[in-house]
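Please read them with the coordinates open.

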Amino acid sequence: MELAGIRKHVFICNGSSCLKKGGHEVARAIRSAIRKHGFSESIHTTLTRCNGRCEDGCTVIAYPDGFWYKNVTPERGEELILHLKRGEPLHSNLAYTYNGKQFVAVESGVLRETAVAAETDDAPMKDHKRE
Ligand code: FES
């Protein structure tokens, strides 16, 4: 597998909870959309085990954008790929996004700013510094 030229890496959860919610079908739809639109040279996919967000299943994650998607269906899979190619999130299914410093939750397509505001300084992460 040649990775040179790959611009996006899509992780499709195939943990048990996501499989119960159509993980195989989502993976097939996403990979089919990538082939159909000629994106095979720029978008790579990997099936994963549980990503720790079972309640959001089927979970799909895209890097380097840092988009974490929830409730992805096969129908949304193709849309997700078309948005990703344009560098835009698919807002209807976006659960978290990366703001340059940390992941922030998205609710109904809107960043949960109150949670972000309290934790967006450049201070070291508290878990790593004991006083
Ligand atoms: S099985 Fe997909 S997030 Fe847990």
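1. Helix α3 is followed by G87, and the phi of this glycine is positive, near 80°. Please keep in mind, here and below, that the model is a predicted one.

2. The helix α3 itself covers residues 74-85, twelve residues in total, and from its first C-alpha to its last it reaches 17 Å, which is close to the 16 Å expected at 1.5 Å a residue.

3. Which residues of α3 are buried? They are R76, G77, L80, I81, H83 and L84. Because these residues cover an arc of only 165° around the axis, they lie on the same side of α3. As for their partners, the buried residues of α3 pack against β1, α2, β2 (43-48), β3 and β4.

4. Among those partners, strand β1 (residues 8-13) runs antiparallel to strand β3 (residues 60-63) and is joined to it by four bridges, with F11 standing opposite I61 in β3. Strand β3 is also joined by three bridges to the antiparallel strand β4 (residues 67-69), where Y69 stands opposite V60. Three residues lie between β3 and β4 in the hairpin that they form, and G66 in this turn has a positive phi of about 80°.

5. In helix α2 (residues 23-36) I would look at A27, which counts as buried because it has 24 C-beta neighbours inside 10 Å, the cut-off being 20 or more. Beyond its neighbours within four places in sequence, A27 is in contact with I12, N14 and L47. The C-alpha atoms of A27 and V72 are 9.9 Å apart in space, although 45 residues separate the two in sequence.

Methods. Residues are numbered from 1 along each chain as its sequence is written. This is a predicted model: local features need pLDDT of at least 70, side-chain atom pairs count only at pLDDT 80 or more; totals for chains, interfaces and linings use all residues. Two strands pair if DSSP finds at least two bridges between them. Helices (H or I, at least four residues) and strands (E, at least two) are DSSP runs, numbered from the N terminus. A residue is buried if 20 or more other C-beta atoms lie within 10 Å of its own, exposed if 12 or fewer, and partly exposed in between; C-beta atoms are placed from the backbone. Two residues are in contact if their C-beta atoms, placed from the backbone, lie within 7 Å. The expected span of a helix is 1.5 Å times one less than its number of residues. The arc is that of the directions from the helix axis to the C-beta atoms.
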